[in-house]
Amino acid sequence: MKATLILPAWLIANAHQKPLHQWGVRVVGDSIQAVAPNDELRRQYPGDERVEAPNSVLSAGFVNAHTHLYGILAHGIPLSKAPSGFWPFLEEFWWPLIENRLDHAMICAATDLRCAHMLQSGVTAFYDCTEAPNALPGVLPAQAEVVRRHGLRGVLSFEASQRVSEDNGQLGLRENADFVDDCRPGDGLVSGLISTHTTFTCDAAFIRQAFALAQERGVLLHAHVSEGTYEPEFALQHYGVRTLAYYDRLGVAGPGFLASQCVQLSDEEIGILADRGVRVSHMPLSNCEVGGGIAPVPQMVARGVTLGLGTDGYIDDFFEVMRGAFLIHKANQLDPRLMPAHVVWYLATEGGARALGFEKVGRLEPGWKADLQLIGAGLPTPVEEHNLFEQLVLYRNAADVEYVMVDGIVRVAGGQVLSADWPALHAHTHEAAQRLWAQARVD
Ligand SMILES: [Zn+2]
């Protein structure tokens with residue numbers, strides 16, 4: 001079996017440990033087989049292929065724990081007026097102008113471009129949530145074909161809800177369940193889960209049905225949870241409790257539940273996340289975009305909540321997302337000690353992998369998956385063990401990612417995404433966006 005030595009200046013084997021100077025890894029097949037000082041690896045394995053990276057940092061790849069790949073088509077769409085809050089954002093903009101008008105070709109064009117963006121940004125695994133009630137059925141297999149071409153580790157889902165009609169909701173659940181059934185374990189890197197939208201677009205019976213479909217298949221149920229103040233207020237008014245207490249009452253709040261957003265939470269709800277083992281994804285930048293608020297992430301970290309970071313389909317450069325997570329909580333809670341860089345790095349790698357339920361993803365240790373990246377480390381001041389995480393979080397960007405491997409296969413080399421024909425990707429995405437925007441112009 002082919003073996004490769006990757007020999008960097010610095011190795012981040014695990015974000016909770018100090019970075020290792022002049023250490024590297026040996027990759028055999030799809031996994032890390034050895035972690036040792038570079039000299040020792042060269043001595044022990046003289047016949048292996050070598051990737052010499054004397055000015056780079058080797059880390060696990062990032063895990064984008066929540067995205068909407070189609071969302072890129074919305075950037076720059078002509079609008080007669082900007083939405084005035086989270087609810088108008090959905091009701092006047094996102095649903096009628098974007099989600100309701102997407103078709104397979106648009107979604108596949110966006111998926112294609114964003115898979116390339118993710119690889120360029122050091123992302124090796126992701127979870128995507130497609131929201132397009134009129135693109136049913138068959139949208140997930142179409143997307144999966146695109147993802148497989150880029151070789152990313154991806155979990156795909158369709159966000160089912162009853163907001164259009166009961167029949168459409170059932171079609172959405174069926175899309176997820178059929179896709180999960182078609183992606184058997186060992187079938188490659190693409191898998192599925194069951195997704196619903198929110199407690200204001202799905203009733204109790206629908207949520208219970210979705211959770212049962214997920215449990216039967218051994219996959220997660222995903223939902224957007226309290227992205228703004230609208231949902232907890234709705235839940236209090238209609239169910240007498242806040243959103244997570246309601247999910248708890250339905251028997252859903254547990255390790256089988258992936259709750260994205262979790263912006264507007266009470267202390268009691270943070271307790272439910274921690275005590276029940278609910279998985280959470282945090283999107284610092286898109287929370288700003290929609291005016292949803294700032295999530296109590298330091299409190300979730302302190303309580304040991306399983307937590308990852310996501311782009312939410314907003315800005316693809318994962319370093320920018322990390323900077324968001326690094327900075328906004330310090331400002332919001334008036335405390336510069338919150339969210340140290342190594343914690344942010346953990347959330348971006350192993351934390352996200354744990355949130356999505358990936359086994360042995362997110363560290364570079366023997367037996368763990370060879371999902372990794374090399375990041376150029378020509379930084380403004382000397383890199384040392386004590387400052388490496390902060391230097392990377394503050395001063396690196398997608399353009400500094402030099403090399404990416406997913407499941408032991410090289411996907412970025414010399415800073416180039418091997419699966420990307422950028423002019424074609426841009427042309428297809430522009431064409432899809434123009435078709436989408438043409439409808440908005442008519443309104
Ligand atoms: Zn989302």
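This is a predicted model: local features need pLDDT of at least 70, side-chain atom pairs count only at pLDDT 80 or more; totals for chains, interfaces and linings use all residues.
Residues are numbered from 1 along each chain as its sequence is written. Local features need pLDDT of at least 70 and side-chain atom pairs count only at pLDDT 80 or more, while totals for chains, interfaces and linings use all residues.

Me: What makes the 139 residues a nonpolar core?
Reply: A nonpolar core is a set of buried Ala, Val, Leu, Ile, Met, Phe, Trp, Tyr and Cys residues joined through C-beta atoms within 7 Å, where buried means that 20 or more other C-beta atoms, placed from the backbone, lie within 10 Å of a residue's own. The largest such set has 139 residues, of which Leu58, Ala110, Leu221, Met322 and Val344 touch the most other members. This core draws at least three residues from each of domain 1 (3–60 + 372–406) and domain 2 (62–356), bounds that come from an automatic or database domain assignment.

Me: Which residues does alanine 110 touch?
Reply: Contact requires C-beta atoms, placed from the backbone, within 7 Å; leaving out residues up to four places away in sequence, Ala110 touches Leu69, Tyr70, Ile72, Leu73, Thr429 and Ala432.

Me: How many residues does each domain bring to the contact?
Reply: Domain 1 and domain 2 have centres 30 Å apart, taken over C-alpha atoms, and their contact takes 17 residues from domain 1 and 20 residues from domain 2. On the side of domain 1 that touches domain 2, eleven residues are nonpolar, four polar and two charged, with Ala, Val, Leu, Ile, Met, Phe, Trp, Tyr, Cys and Pro counting as nonpolar, Asp, Glu, Lys and Arg as charged, and the others, Gly among them, as polar.

Definitions and conventions. A residue is buried if 20 or more other C-beta atoms lie within 10 Å of its own, exposed if 12 or fewer, and partly exposed in between; C-beta atoms are placed from the backbone. Two residues are in contact if their C-beta atoms, placed from the backbone, lie within 7 Å.
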